[in-house]
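Work through the exercises below with the sequence and the model side by side, and try each task before you read its solution.

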Amino acid sequence: MFRLKLCLFLLIHCVLVLCKRGDVKPDWAKKDIRDFTDADMERLLDQWEEDEEPLEPDELPEHLRPQPSLDFNKIKGSDPEQLLKLTKKGRTLMSFVIVSGNPTREETETITKLWQTSLWNNHIQAERYLVEDNRAIFLFKDGSQAWEAKDYLIEQDRCEEVLIENKPYYGKHSSKGKVEKVEPSSAKEEL
């Protein structure tokens, strides 16, 4: 019986000693929070995130996401647009759209809102921001959708120009777009 009491006493004593050790804080943790240096704050953040599970790749900030693997078999010939489309998949991309004529800000708002709605109806997610009276930014969370949107936008009557990755695409009804149409056919006639 005495042995049992002794073992129980030693066991409780060991548990208390071990628990007491866990409460010992490092010197930097005993300081007032207002006296913390940047290094102390960094240690506190590391300690806070120590037991957290890592985030899923789609939850990471864009600059920390892994690059998508490119399947070069999907690229038709040496089409640079197809290559750009594949490299921008899953990345944020901005395109600039210029409305033709001399529209007021309200007209540009109405026209680009209609275009944005049409894109959304076609499952192309784009945020729209007006920059000038005749210019808007379309922001695509999935950059590969920008080229599909470009194909739609250049067909519109009031689209002057779509700019993606510093490359202009002129609307079919714009003065520059009509010149582009004439040039390729005249080059074929010369051959």
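The model is predicted, so local features need pLDDT of at least 70 and side-chain atom pairs count only at pLDDT 80 or more, while totals for chains, interfaces and linings use all residues. Residues are numbered from 1 along each chain as its sequence is written, and side-chain values use heavy atoms, with hydrogens and water left out.

**Exercise 1.** Determine how strand E4 (residues 159–164) is placed and which strands it pairs with.

*Solution.* Begin with burial, where buried means under 20% relative accessible area, exposed over 50%, and partly exposed in between (1.4 Å probe, protein chains only). In E4, 6 of the 6 residues are buried, so the strand is largely enclosed by the rest of the structure. Next, look at pairing, which requires that DSSP finds at least two bridges between two strands; helices (H or I, at least four residues) and strands (E, at least two) are themselves DSSP runs, numbered from the N terminus. Strand E1 (residues 93–99) runs antiparallel to E4 and is joined to it by 5 bridges, with isoleucine 98 partnered by glutamate 161. Strand E5 (residues 167–170) is also antiparallel to E4, through 4 bridges, and here isoleucine 164 stands opposite lysine 167. Finally, E4 and E5 make a hairpin with 2 residues between them, and glutamate 165 in this turn has a positive phi of about 50 degrees.

**Exercise 2.** Find the residues that touch the most other members of the largest nonpolar core.

*Solution.* A nonpolar core is a set of buried Ala, Val, Leu, Ile, Met, Phe, Trp, Tyr and Cys residues joined through side-chain atoms within 4.5 Å. The largest one has 21 residues, and those touching the most other members are Val97, Trp115, Phe138, Phe140, Val162 and Ile164. Helix H6 (145–153) is among the elements that give two or more residues to this core, and H6 provides the largest share, 4 residues.
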